[in-house]
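Here are some notes to read with the model open on your screen. Take them one point at a time and find each residue as you go.

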4 protein chains.
Amino acid sequence: MIRAAIIGATGYTGAELMRILLLHPEATLEVATSQSSCTERVTDHYPALHGLCDLRFEENIPESIARRIDVVFLALPHGEAMEAAIAYHQLGVRVIDLSADFRIDDAGAYRNIYGKDHLAPQLLRQKVYGLSEINRTAIAASSLVANPGCYPTCTLLSVAPLAQKGLLCNPVIVDAKSGVSGAGKKPGPRTHFVEINEGFSPYGVGTHRHQPEITQEMDKLGTLQSDVIFTPHLLPLSRGMLTTTYLGLQPGTTVEQVVTAYEQFCQHEPFVYFLGLDRFPSVRDVRGSNNCFIGIHIDIAHQRAIVIAAIDNLMKGASGQAVQNMNIMFGLPEDCGLKGMLQVL
Amino acid sequence: MIRAAIIGATGYTGAELMRILLLHPEATLEVATSQSSCTERVTDHYPALHGLCDLRFEENIPESIARRIDVVFLALPHGEAMEAAIAYHQLGVRVIDLSADFRIDDAGAYRNIYGKDHLAPQLLRQKVYGLSEINRTAIAASSLVANPGCYPTCTLLSVAPLAQKGLLCNPVIVDAKSGVSGAGKKPGPRTHFVEINEGFSPYGVGTHRHQPEITQEMDKLGTLQSDVIFTPHLLPLSRGMLTTTYLGLQPGTTVEQVVTAYEQFCQHEPFVYFLGLDRFPSVRDVRGSNNCFIGIHIDIAHQRAIVIAAIDNLMKGASGQAVQNMNIMFGLPEDCGLKGMLQVL
Amino acid sequence: MIRAAIIGATGYTGAELMRILLLHPEATLEVATSQSSCTERVTDHYPALHGLCDLRFEENIPESIARRIDVVFLALPHGEAMEAAIAYHQLGVRVIDLSADFRIDDAGAYRNIYGKDHLAPQLLRQKVYGLSEINRTAIAASSLVANPGCYPTCTLLSVAPLAQKGLLCNPVIVDAKSGVSGAGKKPGPRTHFVEINEGFSPYGVGTHRHQPEITQEMDKLGTLQSDVIFTPHLLPLSRGMLTTTYLGLQPGTTVEQVVTAYEQFCQHEPFVYFLGLDRFPSVRDVRGSNNCFIGIHIDIAHQRAIVIAAIDNLMKGASGQAVQNMNIMFGLPEDCGLKGMLQVL
Amino acid sequence: MIRAAIIGATGYTGAELMRILLLHPEATLEVATSQSSCTERVTDHYPALHGLCDLRFEENIPESIARRIDVVFLALPHGEAMEAAIAYHQLGVRVIDLSADFRIDDAGAYRNIYGKDHLAPQLLRQKVYGLSEINRTAIAASSLVANPGCYPTCTLLSVAPLAQKGLLCNPVIVDAKSGVSGAGKKPGPRTHFVEINEGFSPYGVGTHRHQPEITQEMDKLGTLQSDVIFTPHLLPLSRGMLTTTYLGLQPGTTVEQVVTAYEQFCQHEPFVYFLGLDRFPSVRDVRGSNNCFIGIHIDIAHQRAIVIAAIDNLMKGASGQAVQNMNIMFGLPEDCGLKGMLQVL
C-alpha cells in the first residue's frame, strides 16, 4: 500500500484528493494537513466522508510527516507550495505538486508570471511536467511531478494528436470555459453565488497565467513554434471545463489524417476518448471522472478544424490526474482507483 | 419630486433601491453613499445602471447630505444603522431603515437578540413598523419607519387575514425558504457558489433573529398570543422567498370564512394577491416585483390550513416595501414607481 | 456473481442503477432494456459509462431474459411495472420493483391512488416493503420487494426512531423538498429548465401519492395511528431531498430519550447517520451516496421536535436502496458496492 | 397610442413582448393570440402579469384582428410566420416578424436552410432586416421588418464598427454562448432541467442556421466578403448571450483606429455601450435590458483583436429589439418603453 499525505487538504482539490485516496485500493491516506483547521475532524468539514475517514487535520511538519508516507500531494496556493516541495523532496518523499510552482521551466519566466522569486531553480529543471498521456515514461522515473493546470490539460490533449503528427498550423485559438470550483474555496466577490448564478463572463483575456504554460508545453509536442490565443470564461456551474479550439491544418492535410491522428492517440489511453467526427462532448459526460472526451469538426476546404474537449476541472484537471501520476510513479495501472469515478447524472 | 438618499448603496438592498428610485416618476436619487467605494462611479459597481445614473458614491456625512434630501433609506448592517437613523432624524429627514435596528419594540429584547445596547430607546417607541398593508395609516404620519424583515413580511401577510378575524389557532409552523441574496453581498463560506449550488439546507433552526420579530407583530394582529415555530432554509437561487405555514383554525371555522378572510384582505391591496383555494405560487411568479402571492389549502375536518406565500426577498421583502412606505409617507399612490417592476421569465 | 437485469434502463433511476451495478464487485449487469431505444448502445445515451459498459439496450422479453439473470430491477412507470413483475416472478427471478405498483398493501387503495386495477392482488400481499432499515429480515427472505418512494424513505427514517419507542405524537407535519430528477426524464412543462431554474414551488399539496404510502408504513412502526400532513416542493437542483418534519412528543418525554432513540437506531446502520442535537444536514452532504443524514431540534418545554433529514433521491430514495435490498436478498454486506459512492463537491 | 397584437404570445419571446408592451407608455396590447391556449386568461399562464393584463388569448383571425391594431408582432415558429405575415401585410398592418422567415434575402437560400418553400419571395425582397443600429432609416419606412436572430444581433454589433471602417480581416471566428430560453418553451430532451443544469456543450457546430444569416448581413456592412466560423454553445442559465469574436485587422491598423471605430459607433446609440479596451461584459450586466455591452482586447503586433459582446437573448436578441423597431417605425424615441427595463441583480 502506498502511504499518502495531502498538504492543504481543506481546499477543493485537496478534498477531491481525499475522496479518491480514501477509496483507492492500493493507497491509504495517512495524513491530511490544514493550517486553518488543524486538529479538527476531516468529516466536520466534509460530512460526505462520514464512515470513510477518521482523520483529523494536522499541521504540516515535513520532518515528522515524511517518515509516515511514500508520496505527498501539495494542494497549496502558488508560492507556498515551493517550500513544502523542497522540504519533502529533500526528505526523500516523492512529490506531486498541484500548484503552478514547478510548471514553468524557467525561473525567470516564473518570476514574471507569478511575481515571486523561485526558491529552487535547479529543482525546476529536474521536475517532470505531469501531463500523464504525454510524459508517462518520465513521470514514472520522477521524484517531483508538476501537475498541469486544468486549462493546459484540456488544451494540450486537444492539440497533441495533431501536433505530434506535424499537422497543426497557427494560430491556435482556445476559447475556454470553466466551472467555479477552479477558482478555489476561498470566498471572494468573484465566487459569491449571486455574482456567478445566471452569469457568464470572460476573465484574464490576454493575460491569464495558464497561457505561457500552454505555449511552453505545446511547443514540445511537435516542431511548430505555437502561436496561442487563449480566452478563459467562467461558467455558472460547480465543476467542469470545456475548450473550443480553432486551429489550422498543414496544407494538404486530409480528413483521414486528422481522424487517424486522434484515433491513434486515444487508442490505448484509459482516460482520453475520441468521440469522432462531428460528435461533441458536454461537461456532464465527464463530471466526477478523470476522463477527457474529444470531438472534432473539420473544414477541409479551408484546412482548419474545431476541436472540442471536456474534462472535470477537479479530476483530470487537478486531483484525478495527480492520482493518475501517482499510479504511474508507483507502477500501478493508470486507472487504479479512478475507473469507478463517474456520474451519469 | 421627492429627493432621496441611500446610505450603504453598494449592498444588494441598496442596489435594488437604486434601481427603483432611479426609475421612480416622483422621486430622484440625489445621494448614494458607500464607505468602501467612496468616490467611485455607481456604474462601475452596477454596470446595468449605465445610462440611468451618473452618481458617484459619497461618504455618509449627515449634516451636509440632510440639506439635499427629503428622505433617507438606510441599507446598513444591523447595529450601524441606529447611529445614522438618529442623526438624520434629528436633522429633520424622514428615515426608512431597512436594518433590524428599529424593528424590535423593546430595547432589552433588542439587546438580547442583536447583542448590542440600543442607542435610542425612545426613538424605538416612536418608530412605526413598516408592514405597509397593516400599518399604512401610522406609516403615513411617521418620521421613522422600521422596514420589516423579509421572513416576517412573508409570514405576517400569510396569517394576517385569519388573525385579524380571530380565526387563527396555535401553533403556527412556518417552514420558510429564501434565496441567497438575503444573506447579503459580503462574501463568506455560506455564500460561495460551490457551497450553495446544488445544495439546500436549514439554518438558524430555533434561533433565527426573525422569530421574535414575527411573534411580536403577529401578537398585534389579533387577540391570539401566538406560538410560532419558524425554520428558515437556504435555496440555491438568487432571489425569492416562499413560506409554507401550517396553522390551526378556531373550532367551527368554515371554508367560506377562511376564503372570505383572504379575499377581503386582498381586495384593495395593490401588491397582495390571493390565488384562491388549492392554487399555489412559485417564487418565479413574483420575481423582480413587489407582489406577494398567497394560496391556501384547507383541511376543514381537522380545522387546519396550509398557507403558502411567495415574495421577492429583495422587493416586498426589503427595497420594494421600503419604497412602498416612502410612497405612503409622501402621499403618493402606493404602487407609484413599483407597478411596472416585474419579470415574466 | 449476481446476474442482474434492469427493465427500463434509460430513465434516471435506471441509469443510476446501471452506474451502481456496473461497479458492484459482486454483481454483473447482464441486461438493460429500453422500449424506445432498443438495440442502441447504452453509452450513446449515457456517454459517462464509456469504458465500463458495452451493452446495447434490449427489448423486454421475460421468457428469454429470465434465464440469464438472478434478479431484476424494474425501473418502469407506475402501472407498467406490475405486468413485468408478475412475469419475472412467475419465472423464478427475484424482483425489485422501483415503481409504486407494489407499495400499497390494499388493491382497492391502489386503485384509488393510481387509478388502475391492480393485476395481482395476491402478490401485493406477498411483497415486502423495501425500507431496508426497518424490514431487512423480511427483505432477505422475499422474492418481491417493493422499493419505497423517495419521500416515504426520507420521512420514515426521520420518525422511525421515535415511533418505534412510542415517543411520537400527532400531527406529523412533513415539509418536503426534492430535486428535479425525482420527476423523471420525460420532458414536460414542469421540468423545462427555464420553468425550474430560479424557481421554487409546492405541488400536490394535500394530494400527493406518497402521502398514503407514508401513512401506511408509519402506522406499522409503532402503536400510533398517525396523522400526517405532507407538502412536497420542487427544488431548482438535479438531485437531493430534504424533509423538515415537525412532530409532537409523548407527554413526559425527555431530551435524553429522544437523543438515545436516534443514537440507538443509527448505531449499526451503514447508511443512516445521526448528526446530533442542533446539527443539520445539507442535501450536498449526501449527494451521490446512499446515506441518510438526520439532525434534530427539540423544544422540550412544548414537547415537540423538528427532525431534518437529507437523502439523495436517486440513491437512498431509489436506486441505491434498491441495490441495498439486493445485497440483503443475496446475503451480501448491505454496503457492498455502495460504500464508495459519494461526492465531496 | 399604437395598438399592437402579438401572434403566438404563449412562448418566451411572446411573453417578453407582452411584458414590454403592457408597460409601454405609447402602445397598448390589444390582442394576444395562442392556438393551444385560446380563450384562457393570459395571467393563468403568466401570473406575474397579474394586475397589468386582463386579456384572454384569442384565435389568430387576421381579418378581424387587423381592424383593431396598427402593428403585429409575429412570435411564431419558423415556417408558420410566413403565412401570418402575408395576411397582415395585405390587410395594411405593419408587421414585425420575430421568426426567421423573412431574414434570408434569397428564397432559394431560405429553402436550403429551413427546408421549406418560401410563400412570398417578393415580400422577402421588400422586407427590411431589423438590426436597428444599422438599418434604422429603412426600418422607419418599412411595412415588414424581419427581426434579427439573437446570435446575428450580438455578432453583427460586435464587428460592425470595424467592418464599416474597412478595418476587418478574415477569418471571423465567433464562439457564442446562449441561455436556454433561446431554445424556446416547448419541452424536449435538450431543455430538461437535469440535462442542462451543471452542463455545458456546443451544438450545431458548422451547421447552425444563424451562420448564413450572419454572413449575409456581415457582407453588407463593408467591402469584405466575410469568412465566418460560428460555434454556438448552450449555457446553464435562463437568459443571456455572450459572443467572443476573434478577428483580424487590416494591415497597418492602429489601436487608436480600433478604439475610435467603437467609440464613434456607440456614441449616440441608446443601447450599444462600448466598455473600452480590456474591459469586458458579463451577461448579468444586460439581463432584462435591451442593451448590448461590448469590450475589446487588441493584439496590435499580430493585427488581431478579440471582441466580447453581451446581450439578453430575449431582449436585444428578440423582443426588445422588436419593440425598438416598432418605436422607429412609429417615429418614437428608440428607447421609449425600454429605458427602464433592467435588473441590477
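1. Ground rules. This is a predicted model, in which local features need pLDDT of at least 70 and side-chain atom pairs count only at pLDDT 80 or more, while totals for chains, interfaces and linings use all residues. Residues are numbered from 1 along each chain as its sequence is written, chains are lettered from A and ligands numbered from 1 in the order in which they are written, and side-chain values use heavy atoms, with hydrogens and water left out.

2. Chains A and D. How many residues does the contact take from each chain? It takes 39 from chain A and 39 from chain D, where contact means heavy atoms within 4.5 Å. About 3,200 Å² is buried between chain A and chain D, with carbon and sulfur atoms giving 61% of that. Buried area here is the accessible area (1.4 Å probe) that two parts lose on being put together, summed over both.

3. One to look up is Arg304(A) with Asp227(D), at 2.7 Å from N to O. Polar contacts between chain A and chain D come to 24 residue pairs, both residues at pLDDT 80 or more. (A polar contact is a pair of N or O atoms within 3.5 Å; within protein, one must be able to donate a hydrogen and the other to accept it, and residues adjacent in sequence count only if both atoms are side-chain atoms.)

4. What chain A brings. On the side of chain A that touches chain D, the largest share comes from β7(A), with five residues. Strands are DSSP runs of E, at least two residues long, and helices are runs of H or I, at least four, all numbered from the N terminus.

5. Arg304(D). This residue is in strand β13 (residues 304-311) of chain D. Is Arg304(D) buried or exposed? Arg304(D) counts as buried because its relative accessibility is 14%; buried means under 20% relative accessible area, exposed over 50%, and partly exposed in between (1.4 Å probe, protein chains only). Its side chain makes a polar contact of 2.7 Å with that of Asp227(A). Cys169(D) is 135 residues from Arg304(D) in sequence, yet 8.5 Å away in space, C-alpha to C-alpha.

6. Ser178(D). You'll find Ser178(D) in strand β7 (residues 168-178) of chain D. With 2% relative accessibility, Ser178(D) also counts as buried. Leaving aside neighbours within four places in sequence, its contacts include Tyr151(D), His233(D) and Met241(D).

7. Chains C and D. Here the contact takes 19 residues from chain C and 19 from chain D. The two chains bury about 1,500 Å², 65% of it on carbon and sulfur atoms. His192(C), Phe193(C) and Val194(C) supply 42% of the area that chain C buries against chain D, more than any other three residues. The salt bridge count is zero, but eight residue pairs are in polar contact.

8. The cores. The largest nonpolar core has 180 residues, and Met18(C), Phe73(C), Met18(D) and Phe73(D) touch the most other members. Such a core is a set of buried Ala, Val, Leu, Ile, Met, Phe, Trp, Tyr and Cys residues joined through side-chain atoms within 4.5 Å. Another core lies apart from it, with 137 residues, among them Leu157(A) and Tyr12(B).

Conventions
Salt bridge = Lys/Arg side-chain N within 4 Å of Asp/Glu carboxyl O.
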